[in-house]
Amino acid sequence: MSASFADDTTTADVSGAAMDSSASKQSGLGRLAKWNPLRRKESLAPAGDTESLYDEDPEPLWDSDETIAMIGSMQVHIIIFLSLALINLQKPFDEEAVVMIASPPEYEETLESIEEFVVSETPQTEVGADALAELDMAEASAEVYAEVAEIPNPVDLQPTDLGQIMLDKIFSQPVAPQKRLVTQKGSTGVGVAGAQGAVDQITAEITLAAEERPTLVVWLFDQSGSLTRQRVDIRDRFDRIYDELGILHGSADDKDTKPEDQQILTSIIGFGERVELYTEKPTANLGEIKRIVDNIPIDNSGVERVFTAIESAAKEYKPLRRNVGPDGPKRNVLFVVVTDEKGDDYGRLETSIDSCRKLGIPVYVIGVPAPFGREHTLVKYVDPDPQYDQSPQWAQVDQGPETFLPERIQLSFTGNFEEEPVIDSGFGPYGLTRLCYETGGIYFTVHPSRNTSREVRRREIEAFSSDMRYFFDPTAMIRYRPDYLSQEDYVNSVKKSPLRMALVQAATIPNVNGIQRPRLRFVKTSEAQLAGELTRAQQDAAPLEPTLIRLAATLQQGLPAREKESSPRWQAGFDLAYGRVLAQKVRTETYNAVLAQAKQGMPFKKEKNNTWVLEPSDEISVGSKWQREADTAREFLNRVVEEHPGTPWALLAQRELDVPIGWSWKETFTDTTPRPQRQGGGNNNNNVPQDDQRRMLNRAPKRPVPKL
């Protein structure tokens, strides 16, 4: 290629030179173009032919008039350029001018202090963070989702007298992409006194979703018998829901509008041992919705497959969340779960979270508060059929715990941990609460007897509610939110901290029963008799000591990491556990020690007295080792009360502090004279017989408590 391209170029140059030669006499410019001092004749002539280039004598170049004119013009221009270059261009100099050299002036930044603060009571639902306390509790400002974030462009508003400017029509609501749902976290532990209050807040969430695009609300009802009255309360609330939503979106019962064109549609799902879809197609007919809720059958199996129901619902309504154009999905979808237990299919928690997050479906749960550090609690059951006995019965249900792994040691006050009063954890069961948190929903802890100012007595507990005695302000509990992490992440976070590892290991030690009604009164009839009774009392306390020593040794492994722990929840849990273990360890060991001391002989100060009474005391008289441990126990317990007020940890710490750690002896007198047997009297009058037959006829039959 390169060789042929060179030959063609040479041929063209030769032909061009021949044409220029024929016209050279007519144009001096042609003669100039023909002359090229860089071109050699030998390179232009074909091989073996040098005479063809000299067929015609060219005219001498310097005899041309045009050439002489061109050279003259060039000389004139060169003279002009040189003259301009030689001109001395100088700027006038002012001899009286003064030049000052100084650094740039420094300006002090003036900070104006704010003299007055004004806090708005209006909740900011669209812009900014929705947080009640620390930054880590802040929620994303955008509560609806789309594939592409919609950011409004700046708009210049010119003042005008012709009309009003509607700002709500100019700026659209912030919309977050579905793929960014990972940045949106829901609310946990929103305490309400009844299901109706939770429904009212959910109505506001539905309204926000419907303002963006048409919305489907899926209600998932627990079919257990304990939810009968709560389902009725929610059904009665449907009138208000659709009445409020109808103000913005028109009547839901409009017969001229097709169901698929309704702004808000509803589906009903029931779950127990099985999952049932009761609405073949989503509907906006309020009458049909209420009829379906009324006719949901009761499931007495005692099984609640709540996570299976959520996963099935996500699969059923997945097509509604697919993008249909630039505006995103066809409908928003919200799940509202109504249940009073933690769910029996916990293994489906992770898949349920993944299904809802991928589709951008928030989950709201109208549930119950989880008992603090417990899995079980008792529910007050009253037969829903008035034809049967309406006296209350108590049934055990699974409503906790609030954490993935136990974080509370099973140490009792009265001898049996399971029989002690149950207190509120401030949050719902771990699985359902984490589902709401991860999907951007809300978990509502519903308890009709909620009272944060005093203890709730058992007779005040309403029907179908758990026996829970103490409740706590949700605002104070925000800082103590459990770690809503996956199983793997939770375990890894525990393993990284010696303090957390020690607390979890101590909490997994089986139920530690304290001294059940320790014997405190010893009547002396003889030295041998008194020594025998003291020995038997020691034997009752002896089995508890090894477990308390094991707990103390386990918790001591976390002491070096105490100051490095930043979570107030883990701080409170560890301090309470270590303080209580030391207090009960000292209390048990000193009980044994004072009994052993008494067996060595203790004379009465008064000859009349014959009884020794053991009383709780802050004095430790049997050893300095126990005194040091008692002081450490009080230090940890007082720190819990001072640093974590209004929490379950502070309540239990104060209760432990109210009981003295040591013991002291007190002598008294007991009359040991046998009492005479009581003789019968009353003039042989018999008690008035009761009409048992009539009472049985008026008593309604009683049914056993179903599985809840």
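Leaving aside neighbours within four places in sequence, which residues is Ala572 in contact with?

## Ala572 in helix 17

This is a predicted model. Ala572 is found in helix 17. Leaving aside its neighbours within four places in sequence, Ala572 is in contact with Tyr480, Val640, His644 and Trp649.

Is Ala572 buried or exposed? Ala572 has 0% relative accessibility, so it counts as buried. The cut-off for buried is under 20% relative accessible area. Ala650 is 78 residues away from Ala572 in sequence. In space, the two C-alpha atoms are 8.2 Å apart.

## Thr647 in a loop

Thr647 is found in the loop between helix 18 (624-643) and helix 19 (648-657). Its relative accessible area is 1%, so Thr647 is buried.

Beyond the neighbours within four places in sequence, Thr647 is in contact with Phe472, Met477 and Tyr480. Tyr480 is also one of the contacts of Ala572.

## Helix 13 and its two sides

Helix 13 covers residues 487-495. Its buried residues are Tyr490, Ser493 and Val494. Why do they lie on the same side of helix 13? They cover an arc of only 100° around the axis, which puts them on the same side.

Glu488 and Lys495 are on the other side of helix 13. Both are exposed. The buried residues of helix 13 pack against two helices: helix 14 (498-507) and helix 17 (568-599). Helix 17 is also where Ala572 is found.

## Helix 9 against helix 10

Two packed helices are described by the angle between their axes and the distance between the axes. Here the pair is helix 9 (residues 306-316) and helix 10 (residues 349-359). Their axes come within 9 Å. The axes cross at roughly 30°. Angles under 35 degrees count as roughly parallel, and helix 9 and helix 10 are therefore roughly parallel to each other. Helix 9 passes helix 10 in a left-handed crossing.

Which residues make the contact? Helix 9 contributes Phe307, Ile310, Glu311 and Ala314. Helix 10 contributes Leu349, Thr351, Ser352, Ser355, Cys356 and Leu359. By type, the residues of this contact divide into 6 nonpolar, 3 polar and 1 charged.

Definitions and conventions
Residues are numbered from 1 along each chain as its sequence is written. This is a predicted model: local features need pLDDT of at least 70, side-chain atom pairs count only at pLDDT 80 or more; totals for chains, interfaces and linings use all residues. Side-chain values use heavy atoms; hydrogens and water are left out. Buried means under 20% relative accessible area, exposed over 50%, partly exposed in between (1.4 Å probe, protein chains only). Helices (H or I, at least four residues) and strands (E, at least two) are DSSP runs, numbered from the N terminus. The arc is that of the directions from the helix axis to the C-beta atoms. Contact means heavy atoms within 4.5 Å. Axes are lines fitted to C-alpha atoms, for helices over the stretch in contact, and angles run from 0 to 180 degrees between N-to-C directions. Angles under 35 degrees count as roughly parallel, over 145 as roughly antiparallel, 65 to 115 as roughly perpendicular and the rest as oblique. A crossing is left-handed if the near helix is turned anticlockwise from the far one by less than a right angle, and right-handed if clockwise. Ala, Val, Leu, Ile, Met, Phe, Trp, Tyr, Cys and Pro count as nonpolar, Asp, Glu, Lys and Arg as charged, and the others, Gly among them, as polar.
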